[in-house]
Structures are given as C-alpha cells and as structure tokens.
Amino acid sequence: MVIYLSAVSMLLAVLSFLFPFVGEASAEGEVFYFDSLKVVFGGDVEILSKGYLYSYQFSFNLPFVVILFVALISMMAALAGRNSVQNTGICSLLSLATTIAFGFVPFIIASTNQSIVESSLIRGPGFYLAVIFGSLSFVISAIEFFFCLSYWRKKTAF
C-alpha cells in the first residue's frame, strides 16, 4: 500500500509545474519568474518593471512534455504496482529518470529558446518542489520494490 504514496508524490511533482519553474534576473537584480505553461507550450511573456519592458518569447518545449509524460507513466506504474515486482521496478526507474531530468531544466530551456542565456536563469519554487517530490517518489518506490521482492521470495520459498 505504500506504493500509492509514490504515485501521489509523483502527481505532486507534476502539479508543481503550475508554480513558477524558472525565472531570470534583470540588470537591476530583480527576479522575474516565467509562467510555466508558456515555458512548456510556448508563448510571449512581457513584464513591465520600473518603466522597463522585458519581453520573452518561448517556443514549444518538447523535452518538458516528454518529462511530464514519463512522470505520468511512473505514476500509473505506481498505481498498478501493488505486490508487483515488475511495476514497482518500472516506477522506481521512471521516477529516478524524471527526477534527474528535472535537474536539466535550465539547460533544456536554454537549448530550446535561443534568446535565453542559461547562466541568467534562476530556478523557481516549482523546480525545487518537483525535485523534492520526484526524489520522494523514487525513495518510496525503491523501498517498496525491495519489500515486494522479499515478499515474493518468502512466498515462493514456502
């Protein structure tokens, strides 16, 4: 039953995309966080601050969509993983892959949007929430994998 916590944790990691995921620092030191939906699906972001207009244009970000789908597949494997070594193993591997992919977010944004410099990107609260919940999902699914493995070994031994 603990594997369901992994699914909930991965769902929270996916929902953390609704929070600002990345931002950029202006020349005055102000931090502007971008709308995550526009970062993922593309669009224009215009920010007016202290009389200056900052304009950013994002294109469709396919790697983000792939990361979200892998996270959703991990969540489905967790939901189907009760007493299943194969599904908990798949959930564990996919949640690890998703968590590692969250770490490459600034590189992904800089590579898909030519007008943004990677060194000026700042990670937002959504980034940290996604990494925390993704790591929690991996830890829970890995623990459940070993519990499930020992359960089936004991069951086949007797």
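How many residues does helix 4 have, and what span does helix 4 reach from its first C-alpha to its last? Helix 4 has 19 residues and reaches 28 Å, close to the 27 Å expected at 1.5 Å a residue; the expected span is 1.5 Å times one less than the number of residues. Helices (H or I, at least four residues) and strands (E, at least two) are DSSP runs, numbered from the N terminus.

A word on the model before we go on. This is a predicted model, in which local features need pLDDT of at least 70 and side-chain atom pairs count only at pLDDT 80 or more, while totals for chains, interfaces and linings use all residues. Residues are numbered from 1 along each chain as its sequence is written, and side-chain values use heavy atoms, with hydrogens and water left out.

Back in helix 4, the buried residues include Cys91, Ala101 and Phe102. Buried means under 20% relative accessible area, exposed over 50%, and partly exposed in between (1.4 Å probe, protein chains only). Phe102, at 0% relative accessibility, counts as buried, and Phe17 counts as buried at 6%.

These two residues lead us to the aromatic rings. The whole structure holds 12 aromatic pairs. Rings of Phe, Tyr and Trp (its six-membered ring) pair if their centres lie within 6.5 Å; planes under 30 degrees apart count as stacked, over 60 as edge-to-face and the rest as tilted. Phe17 and Phe102 form a tilted pair, 5.8 Å centre to centre with 55° between the planes. Phe17 lies in the loop between helix 1 and strand 1 and Phe102 in helix 4, so the pair ties together parts that are 85 residues apart in sequence. Ring pairs also link Phe17, Phe21, Phe64, Phe102, Phe127 and Tyr128 into a cluster.

Next comes the largest nonpolar core, with 35 residues. Such a core is a set of buried Ala, Val, Leu, Ile, Met, Phe, Trp, Tyr and Cys residues joined through side-chain atoms within 4.5 Å. Among the residues that touch the most other members are Phe21, Phe34 and Phe64. Helix 3 gives the largest share of this core, eight residues. Beyond its neighbours within four places in sequence, Phe34 is in contact (heavy atoms within 4.5 Å) with residues including Phe21, Val22, Tyr56 and Leu121.

Finally, look at strand 1 (residues 22-25), which runs antiparallel to strand 5 (residues 121-123), with three bridges joining them. Two strands pair if DSSP finds at least two bridges between them. Here Val22 stands opposite Arg123.
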